[in-house]
Amino acid sequence: MFSRLAYLSGGRGQPPSVGHQPVGGFILQQQYQNSFVRPPPPAPLSPHLQVRAQCDHHNLLGAALLVGPTLPSLASLDRWCGEPVKAILLPTSVFITNKRGYPVLPKGHQDMLAAFFKLGVQVVLTGEACHSVASPANVGAATAGGTAVAVGPDGEPLGFNITNPGEFHPLRPYWEYLCFLFRRLEAVGEQERQETSYRDYLQVPLQPLQDNLESQTYETFEKDLQKYKLYEEAVYKALKDRYLASTTEAMSPYDLPIASTSCSDGPSRNVVLMVVGAGRGPLVRASMRAAARVGVRLRVYAVEKNPNAIVHIQQMLRSEGWERDVTIVSADMRHWQAPEPAEILVSELLGSFGDNELSPECLDGAQRFLAPGGISIPQSYTSYLAPATSHKLHHDVKSYKDLEHFETPYVVRLHRHHLLAPTQPLFTFSHPNNDAPIDNSRYATVNFHRDPAAGAAVLHGFAGYFECTLYGDVLLSIHPPSHSENMFSWFPIFFPLREPVYVPAGAPVEMQMWRCCSPHKVWYEWAVTAPVAGPIHNVGGRSYWVGL
Ligand SMILES: C[S@@+](CC[C@H](N)C(=O)[O-])C[C@H]1O[C@@H](n2cnc3c(N)ncnc32)[C@H](O)[C@@H]1O
């Protein structure tokens with residue numbers, strides 16, 4: 001198991017010589033294991049967490065994990081994903097011998113290394129060669145150049161260094177095996193490659209209501225074909241349920257060419273469908289395709305408040321020949337007076353936390369023109385939260401050296417992180433909203449139950465997601481257990497904590513969150529209440545809010 005832990009300082013002074021002399025937490029742990037006859041009372045902190053707390057969670061403090069022949073539980077291993085692990089120290093004694101006499105690793109060790117390779121962690125081979133493998137004839141040529149460095153999937157060096165190129169290095173068979181394990185990693189997909197530069201990169205969430213989005217932002221949205229397929233499917237099912245319930249199965253393939261929207265089986269009148277927050281028009285296109293598949297004719301209103309986006313909808317209508325079917329409305333949906341009621345209201349005003357781009361407030365305004373019994377797509381959405389360790393994110397927020405940044409939620413492609421417990425649902429919004437009066441403020445206390453085997457951990461904040469029912473069984477989700485396949489429009493959201501919180505092994509985490517509303521802004525406040533109570537973040541929306 002990871003029986004020992006060494007800390008590496010990347011700052012001033014001499015770095016400890018890792019792999020030869022035990023340092024820091026390594027000695028601490030050894031004493032603990034070997035010197036006491038009776039076990040001491042439980043330590044208030046795990047040794048490595050204590051060292052880190054005493055160094056004020058300094059960014060230049062990293063961990064090197066010394067791997068033994070027996071690995072800890074998966075839950076315990078997983079916890080290291082959010083820690084600043086710089087290196088895995090892999091003694092040759094951990095290797096076993098395969099049938100051909102070569103050193104190989106047990107399956108659990110292979111999986112563990114694969115996980116750390118993906119995080120760009122270096123592997124340091126330690127110890128003497130203890131497997132006698134014949135020297136291959138071509139070794140000198142293969143290592144010509146002196147230093148062999150394997151490179152991680154995202155271009156980060158893995159750092160297997162072999163010196164003395166002309167000779168057969170006794171550790172070479174181990175190194176070659178590690179290279180083999182590395183090469184065996186699944187190739188990184190195109191989408192993942194594109195997202196590499198966003199990993200653990202903090203972005204302040206968009207405010208599409210208060211600001212007008214740039215063309216480039218719409219372009220990025222529109223690359224996510226999966227999102228629009230899901231919307232098309234939702235509109236298709238809504239139209240079908242509503243107007244063709246008694247007819248035979250309609251066409252289903254997505255890739256049908258857009259057919260004429262004239263229809264012989266469907267209703268003779270046009271169906272009024274409004275796309276509110278139409279952007280450059282992709283949801284208009286998805287709705288038209290759905291209608292063609294069902295065989296109904298639509299009368300569409302495309303409502304958009306951003307004049308720059310409207311120009312693109314006009315172009316789309318011209319090129320598709322939809323000028324008579326679609327009316328463009330340049331207005332804020334909350335104030336527009338519609339000339340007729342809509343049977344279906346389609347929108348995509350969702351943020352990474354579902355309601356954080358003010359979908360509830362906008363749709364409450366727009367539902368005035370939804371006919372009685374009319375359908376909103378989406379029908380509902382729920383936010384989810386999970387406690388998270390992410391040393392990297394905590395450091396990046398801290399480096400701003402102000403309170404404001406600790407009281408701001410961030411959109412972030414979480415990478416080096418670990419969720420301390422499964423997600424829990426938080427706030428749900430449904431549309432149309434028939435409450436009187438409508439109140440979009442929310443409050444919840446959330447308990448997160450942890451696997452006792454997961455060990456102690458540090459809590460740096462909360463990762464947030466959403467799950468949305470577009471219509472019926474058509475789900476659009478970035479919630480990990482139900483994430484829509486191949487959809488990449490949203491990264492998770494991260495609510496940081498001003499101070500990292502030590503969470504003892506198995507201890508539950510509890511937090512409170514508020515969604516607060518005033519006439520001009522909406523904001524979140526959040527606080528940890530267990531294992532210890534902490535301050536309420538963003539009181540009164542003093543640091544972060546979303547403008548109405
Ligand atoms: C997230 S974008 C989605 C754009 C497009 N529907 C898509 O899926 O690519 C949200 C759009 O809604 C618009 N929007 C937000 N609030 C609005 C409001 N109150 N009235 C009209 N448009 C609004 C924004 O300008 C933006 O174009």
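View 1. E348 counts as buried because it has 25 C-beta neighbours inside 10 Å. (Buried means 20 or more other C-beta atoms within 10 Å of the residue's own, exposed means 12 or fewer, and partly exposed is in between, with C-beta atoms placed from the backbone.) A quick word on what you're looking at: this is a predicted model, where local features need pLDDT of at least 70 and side-chain atom pairs count only at pLDDT 80 or more, while totals for chains, interfaces and linings use all residues. Residues are numbered from 1 along each chain as its sequence is written. You'll find E348 in the loop between strand 10 (342–347) and helix 12 (359–366). (Helices are DSSP runs of H or I with at least four residues, strands are runs of E with at least two, and both are numbered from the N terminus.) Leaving out residues up to four places away in sequence, E348 touches G277 and L283. (Touching, or being in contact, means C-beta atoms, placed from the backbone, within 7 Å.)

**View 2. E357, the other end of the "active site" annotation.** UniProt, in an unreviewed entry, puts the label "active site" on E348 and E357. (UniProt positions follow the numbering used here, feature names are shortened, and annotations may be inferred rather than shown by experiment.) Like E348, E357 sits in the loop between strand 10 and helix 12. E357 is also classed as buried, since 23 C-beta neighbours fall inside 10 Å. Once residues up to four places away in sequence are set aside, E357 touches L206, P208, L209, L349, L350 and G351.

**View 3. Helix 9 passing helix 10.** Here the axes of helix 9 (residues 225–243) and helix 10 (residues 282–294) come within 8 Å and cross at roughly 45°. (Axes are lines fitted to C-alpha atoms, for helices over the stretch in contact, and angles run from 0 to 180 degrees between N-to-C directions.) That angle makes helix 9 oblique to helix 10. (Under 35 degrees counts as roughly parallel, over 145 as roughly antiparallel, 65 to 115 as roughly perpendicular and the rest as oblique.) The crossing is right-handed, a label used if the near helix is turned clockwise from the far one by less than a right angle. Helix 9 brings Y228, Y231, E232, V235, Y236, L239 and K240 to the contact, and helix 10 brings P282, L283, A286, S287, R289, A290, A291, R293 and V294. Sort these residues by type and you get 11 nonpolar, 1 polar and 4 charged.

**View 4. Helix 13 and what covers it.** Helix 13 (391–398) is mostly covered, with 6 of its 8 residues buried. Those buried residues are H391, K392, L393, H394, V397 and K398. Their cover includes strand 12 (380–389), helix 14, strand 17 (457–471) and strand 19.

View 5. K401 has phi near 55°, a positive value in a residue other than glycine. K401 is classed as exposed because 7 C-beta neighbours lie inside 10 Å. D402 is exposed too, with 10 C-beta neighbours inside 10 Å.

**View 6. Two cis prolines in one loop.** H431 and P432 are joined by a cis peptide bond with omega about -5°. The bond from A436 to P437 is cis as well, omega being near -5°. P432 lies in the loop between strand 15 (424–430) and strand 16 (442–448), and P437 is found between strand 15 and strand 16 too.

**View 7. N486, another positive phi.** N486 has phi near 60°, again a positive value in a residue other than glycine. Look for N486 in the loop between strand 18 (474–477) and strand 19 (493–503). N486 counts as exposed, since 12 other C-beta atoms are within 10 Å.

View 8. UniProt lists residues 380–546 as "domain: PRMT5 oligomerisation", from an unreviewed entry. This span is 7% helix and 47% strand, and its end C-alpha atoms are 20 Å apart. The chain as a whole has 14 helices and 22 strands, and 41% of its 548 residues are buried.

Key:
Two residues are in contact if their C-beta atoms, placed from the backbone, lie within 7 Å. Ala, Val, Leu, Ile, Met, Phe, Trp, Tyr, Cys and Pro count as nonpolar, Asp, Glu, Lys and Arg as charged, and the others, Gly among them, as polar.
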